[in-house]
Amino acid sequence: MSRNYNDHTYIDGELFGILIRSGAVRLKQNIQRINDLNVFPIPDGDTGDNMYLTLSGGIREMDQEKNTSIGRRARALAGGMLLAARGNSGVILSQIFAGIADGLEEKDRVSLTELTEALDSGVSRAYEKVLTPVEGTILTVARETAQALHFTDEETTLGEYTDHMIRAMHDSLENTPELLDVLKEAGVVDSGGAGLYMIAEGMAEAVHGDAAEGTVEPAATTGQMPNLELFTEDSILEFGYCTEFLLRLTRSKVDVDGFDEQVIIDYLSTIGDSIVAFKDGSIVKVHVHTMTPSRAMEFCQQFGEFLTVKVENMMLQHNHHMEQLEKKRGNHDQDDNNSDDGAVIPTVKKKRRHYGTCVVSSGKGIQEVFRELGADEILEGGQTKNPSIQEFLDCFDRLNADVVFVFPNNSNIFLAARQAAEMYHDSDIRVIPSRDPGQAYTAMSMLDISFDDPDQVEQNFISNMEYAATGMVCRVCRDYQNDELTVSDDGYLGIAGQKPVCASQDKVMALKDLCEKLGISEREIVTVIFGEDNTDEDREKVRGLFREEWPDKEFYEIDGQQDVYDLIVILE
């Protein structure tokens, strides 16, 4: 454990550097968690990366500053962050620290009262430089935290100060969804505010002698190149381009000293949003989200020349972010808010709604289908994978709905869902008696929650399930025999109504017999959900079966990727 500074009543340049570095390491350790919170202003999943690259770029400059006064070190940090600032969150973070540096100017060390005044300066500068400040973001968290720190006096210790800071910041961050509907809808806190909280937590740990351990690598980029196939020739650009550059004003083009960046802001407002533009000496930092980045650069080049330029396709960023979230779901990662580093980011319920749906399912593909059909929450589960009662209760909490409809999709899971429903009192929980994924698929395919009466919605779900006949084909792991069926090891059983109804050593023949048992001749639509063990050859054999035996049926297939049932067939 490193030295603690709990009893200090001041901060000098050396301690300032220690605190900032510990904050950066804590931020680095939580980059992905912060990325995953990102839904505002664009759900592109790069807030953690941008904030870390901004802060680490500042630390590189701070480490090169020979003068150890807090004023000079803070100025070096702010200057480096200006040059390294990335993304909306990074630019705002750089301005918070630039304002702090203004408040620490020419000082060797500062009291905690003076530090609070510097924080006020940082907040004021950030609000001033953002064209349209939005409450419920990093700006709010910084402002409310600074306001809460005005309790300090000459006897306040640094330990008391940072403890109070963390409590105030946590409360402010937890409240961000109440100020910004997009956060409330998604059930998350603001990602930029969470990044600031991580920095503050790392600083507080250093004060208590438990500085976050790790290295800060300013030159490294933390993210990976997105898969370029996520934006194809058929894609449509919805979010535009995140466009950032540093413009050096030149005397051959403009009066550098008298130049007012408002002229840039006024123009950018006509072609984009998320605008931040500010002048620092002869450098203007510009950030804008626009469909036409070339117009932004062409306009600004009349005032000077570019030092750096970054243009990123935000649809590609967004699609990459969503791909990474899907991989996390598929790997059954632990809840990010219970990570091993001890950091706790507040969790929030989604905005209260009238109806919510919870579907229990296994297999990435079929889970995605349920999401597309309107499922609000997916619980991993199925044969041999029963979710616990606590998992149901946590799911009901996340849904935060007046009425919750649950599709257990397995008789073994049905009882746990019913037990959880009886234990939960904040919502009206309706457990739909779905015994397999096919029943839930049919019910959700005709989802209609326009009725105010939940009894009507529930009855519609149950009635819709009756339209479908569902069966499963699964491989047996040992010889199987009953009064009517016999199949040897590695053969296949066809199951309907939770009972084996046919058997074959061949998967496709088992499917054929199963369809006949389910009454395919009286049905019009066939949907086959393929499990993860099917080969391309298996898929083609199944398609051939329906082409040859039942060419008059509408045939659909889903790459369900479930692990227990090789094939699930739904007849409607």
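Predicted model: local features only at pLDDT ≥ 70, side-chain atom pairs only at ≥ 80, totals over all residues.
**View 1. Arg21 reaches Asp63 across two helices.** Here the closest N and O atoms of Arg21 and Asp63 are 2.4 Å apart, and the two residues form a salt bridge. Arg21 belongs to helix 1 (residues 13-29) and Asp63 to helix 3 (residues 47-64), so this contact ties together parts of the chain that are 42 residues apart in sequence. Arg21 is partly exposed, at 29% relative accessibility. Asp63 is partly exposed too, with a relative accessible area of 41%.

**View 2. Asp63 also pairs with Arg73.** In this salt bridge, the closest N and O atoms are 4.0 Å apart. The pair links distant parts of the chain, with Arg73 in helix 4 (residues 70-84) and Asp63 in helix 3, 10 residues apart. Arg73 has 13% relative accessibility, and because buried means under 20%, this residue counts as buried.

**View 3. Arg475 and Asp490 join a strand to a loop.** Their closest N and O atoms lie 3.9 Å apart in a salt bridge. Arg475 sits in strand 11 (residues 469-475), while Asp490 is in the loop between strand 13 (486-487) and strand 14 (492-496), so the pair ties together parts 15 residues apart in sequence. Arg475 is partly exposed, with a relative accessible area of 41%, and Asp490 is partly exposed at 43%.

View 4. For context, the model has a count of 33 salt bridges.

Technical notes:
Residues numbered from 1 in each chain as written. Heavy atoms only, no water. Salt bridge = Lys/Arg side-chain N within 4 Å of Asp/Glu carboxyl O. Helix = DSSP H or I, 4+ residues; strand = E, 2+ residues; numbered from the N terminus. Buried < 20%, exposed > 50% of the residue type's maximum accessible area, 1.4 Å probe, protein only.
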